[in-house]
Amino acid sequence: MATAVLAVLTVIAWQYRHLKEGRAVILYLGAATLWAGAYAGEVASPEFALNYLFVVLAYIGVVTVPVAWFMFVLVYTGKGKRVNTSTVIALFVVPLLTLTLVVTNQYHHLFYSSATAVVTTSGITWVYSYGPLFLIHALYSYGLIVAGIALLASRYPGSPALFRLQIVLLIIAVGVPFLANLLRVFKAGPVTGFDTTPVIFILTGVILITAITRLRLFSLSPVAYSYLFNHMTDGVFVTNEQDLVVNINPAAAGMLGIQTKDAIGRSVQDLIPGLSHEFLGCKAEIRTECEIALPRKESGELYEVSCMPLSPGREITSGRLVILHNINARHRAQTALLMANQKLNLLNDVTRHDMLNTLTALLMNLEYARTLEGDKKISGILTDAEKSARILQEQVEFTRDYQDMGVREPAWQDLGEALRRALAGISPGSVRIESGVNGVFIYADPLLEKVLHNLVENALKYGERLTFVRVRYSTGPEGLTWYVEDDGVGISPDLKETIFRRGFGRGSGLGLFLAREILSITGMQIRETGTFGKGARFEIAVPEGSFRIAGISE
């Protein structure tokens, strides 16, 4: 039974053979399986020759289990580089000598001094007395097991709760069979002459597989935690429930200008003057920005301070992490960028204002000149000049809209209301404007109104023979799409993508380019899907989570 269970657990562990710690676990469980199977054969064999053959086979597993355990602990605790070919050969020197002594014992009787047949109710059981060289094997094997347990235990203090649970389970997994084997060696077991170690290996296997599959033993270990803790540039303070420091990383020690040992046992507030009292006894994660004057700094600097319990969500915590992240440089950069943007915006506003004033005067003079009598050639020149001035005016106005794009936070907007505002500056003449988007709310940039204005204005300007412009929406499995469509001349198939390029068109060529840019801020996509000769249709796809319909969220 024990052999079958251990074999199944070994097969389960086989999928982790690409990992060093995975291979060590496979070797451990495989050796335990051999040990259990051979011992079952030993118990069932009354003839000495066959019985001793199973003893030899069992010892292959017996000498391998401690080595596999120690190799696993080395990898788990971050010493995996030491598990190389030379190390493995060195670790197996004593086990190979032990196997040699067991195989050749009949010639020297130094490992087993004697074998006695004991008659029991279940048959004949062979009891072996240990020779002088057995002690070398026992000391070496037990030494590896104890060394592995000690190395694991050394990682327990200061580790997060998940790693502590892993460590405790691993120690139980190897500690229980270890104690059972000690009882067998010193003949103090519950059943005289019977080795319970192979049976108890079932518990070991179950614990290991549980730790691998449920506690992410191979994906999360103290190795990564220790490396990050020691190499983080942020200062990290580990405290107990009384907010006394139990550990700090090198970065924190550098900030304070002290040795790690000098910080242990002191209050966090003693070490970090100016730290807010809200960080004391935090039961949930707290994060804020504050100015802190550390001992090594002449003046205070801006830090992002985080405090989180090591056992979040519980009323009683086992300690806390306090993390200091210096954001002084980031704050200076943000301030400099803000000032630069303010200066650029002011320069743009002044330049744009002066240019628009000059253009307004120019257009007025051109309009006046056209009222004067003159030949057709002069009239044509004035028309061309006015057209150029209008384009220049649109380009200047575009810089204003483009500058404002993305400056303000996106917000939920009523598409129907945005359309009404967009139509306020448009004269549709005899063209009918149909709105079918009332009650549709879209998460979009505040310049959404400009998009609607440009799309409707383009339809009126280039539709030629259109009678209506319709704005509507539809929903489907992929979400919501809203449309701006008309019954004008439409757009040629070879221009359906080109029209969105900057500079394309008979005017400034910036309207549709700006529309696509504004929509893209919140993930909306626009394309033209109309039929040439029957009308244009612009489809705007709204991403999931960015629309609501009359109080019903999608």
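Student: What order do the strands of the open sheet have?

Tutor: The order is β4-β3-β7-β6-β5, with antiparallel pairing. Strands here are DSSP runs of E with at least two residues, helices are runs of H or I with at least four, and both are numbered from the N terminus. Two strands pair if DSSP finds at least two bridges between them. By the way, this is a predicted model, where local features need pLDDT of at least 70, side-chain atom pairs count only at pLDDT 80 or more, and totals for chains, interfaces and linings use all residues. Residues are numbered from 1 along each chain as its sequence is written, and side-chain values use heavy atoms, leaving out hydrogens and water.

Student: Which strands stand at the edges?

Tutor: β4 (245-248) and β5 (286-292) do; each has a single partner strand, so one side of each lacks a neighbour in the sheet.

Student: And how many bridges are there between β6 and β7?

Tutor: β6 (residues 301-309) and β7 (residues 320-326) pair over 7 bridges, in the antiparallel sense. Met308 has Leu321 in β7 as its bridge partner.

Student: New topic: is His137 buried or exposed?

Tutor: His137 counts as buried, because its relative accessibility is 7%. Buried means under 20% relative accessible area, exposed over 50%, and partly exposed in between (1.4 Å probe, protein chains only).

Student: Where is His137?

Tutor: In helix α7 (residues 134-154).

Student: What is His137 in contact with?

Tutor: Leaving aside neighbours within four places in sequence, His137 is in contact with Tyr59, Val62, Val63, Thr98 and Phe111. Contact means heavy atoms within 4.5 Å.
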